[in-house]
Amino acid sequence: MPNASSWSASSPLLLLWEDSSGTRIFLSLLYAVLAISGTLSNVMVIYLVFSFKKLQTTSNAFIVNGCAADLSVCALWMPQEAVLGLLPPNSSSLRSAEYRLLRGGLLGLGLTVSLASHLLVAFNRYVLITKLPSVYQALYQRRHTGCMIGLSWALALLPVPLLPGLWTLGSAQSDGSSRYTALLLALAVLGQTALLLHCYLGIVRRVRGSAKRVSVLNFHLLHQLPFPAAPPPPRRAQRRLSSVSVLLLCCVFLLGTQPLVWVSLLGFFLRPAPPALQAASWLLLCSLSALNPLLYTWRSEEFRR
């Protein structure tokens, strides 16, 4: 079994740290499952939003933007990894620098825009809940919304040249540039997570302090009755359900992003984490691309209809 120092030169998969056939087949099947489920769920959300005018809201525009970015990972990147994992490790196509750059670019572009869309959705709902309606309407005009979405893609293109350095993360022979690339990635995700938590915890505080406003808002974080004729739930239960929904979303997001952050910081300041831990952290981050559509629609009565 090759050690970690040979991984960057021989491994076809970003998450694969050993060349045993069992591991390669397992990861290929896992990529295939994530690719199929993620592609179907992201396409379904995009189709529903474009097909039903009632779903064409500002918040859903940011969700669709995230789904489009997730398709870059689920529909374009993951299928390649699933196929490449079944090829011999010494295949010439796996050693092509241009092809490695293409795969890294697809992954980096999709994940960056997806994470930015998470933040745009959180900030949109934070402004909706905590600010005056006039402030929300002035900030989220159609032109401004389009600029925010375009900016998320423009900013995502800036770090794409750094992506080849990610292929050598964890290697004992990795140079200083890959270590600083890992640090940059960790700090970017950490900053984005802090802003997202600030928005959602601000929503929780506002929801808990204003049950009347909770009852008239209509989006997935807030409690929605299963039947139109059902009596309204008690305010305390309503606030509890709303808070649980927000906290569950935050927990899933933290579970998907934070392992990679702390593994990268550990590798920069101390020593590289065990290969299996690095592989698991990348897998969790990439799996968010398949889970995001469910994460943002499972509490929405309109999407369920």
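Biologist: Are F62 and Y140 buried or exposed?

Modeller: F62 is buried, as is Y140. Buried denotes under 20% relative accessible area, exposed over 50%, and partly exposed the range in between, with a 1.4 Å probe and protein chains only. This is a predicted model, in which local features need pLDDT of at least 70 and side-chain atom pairs count only at pLDDT 80 or more, while totals for chains, interfaces and linings use all residues. Residues are numbered from 1 along each chain as its sequence is written, and side-chain values use heavy atoms, without hydrogens and water.

Biologist: Why is the aromatic pair of F62 and Y140 called edge-to-face?

Modeller: Rings of Phe, Tyr and Trp (its six-membered ring) pair if their centres lie within 6.5 Å; planes under 30 degrees apart count as stacked, over 60 as edge-to-face and the rest as tilted. For F62 and Y140 the centres are 6.0 Å apart and the planes 70° apart, so the pair is edge-to-face.

Biologist: Which parts does this pair tie together?

Modeller: F62 belongs to helix α3 (residues 58-84) and Y140 to the loop between α5 (133-139) and α6 (142-157), so the contact ties together parts 78 residues apart in sequence. Helices (H or I, at least four residues) are DSSP runs, numbered from the N terminus.

Biologist: What makes the aromatic pair of Y136 and Y140 tilted?

Modeller: The angle between its planes is 35°, at 5.0 Å centre to centre, so it falls in the tilted class. F62, Y136 and Y140 form one aromatic cluster.

Biologist: Why is the span of α3 said to agree?

Modeller: The expected span is 1.5 Å times one less than the number of residues. For the 27 residues of α3 this gives 39 Å, and the end C-alpha atoms are 39 Å apart, so the two agree.

Biologist: Where does α3 bend?

Modeller: The bend, about 35°, is at W77, and the proline P79 follows within four residues. The angle is taken between axes fitted to the seven residues ending at a position and the seven starting there.

Biologist: Why is α3 described as largely enclosed?

Modeller: Of its 27 residues, 21 are buried, so the rest of the structure largely encloses α3.

Biologist: Which residues have the most contacts inside the largest nonpolar core?

Modeller: They are Y200 and Y296, in a core of 39 residues. Such a core is a set of buried Ala, Val, Leu, Ile, Met, Phe, Trp, Tyr and Cys residues joined through side-chain atoms within 4.5 Å. Its largest share, 9 residues, comes from α7.

Conventions. Helix = DSSP H or I, 4+ residues; strand = E, 2+ residues; numbered from the N terminus.
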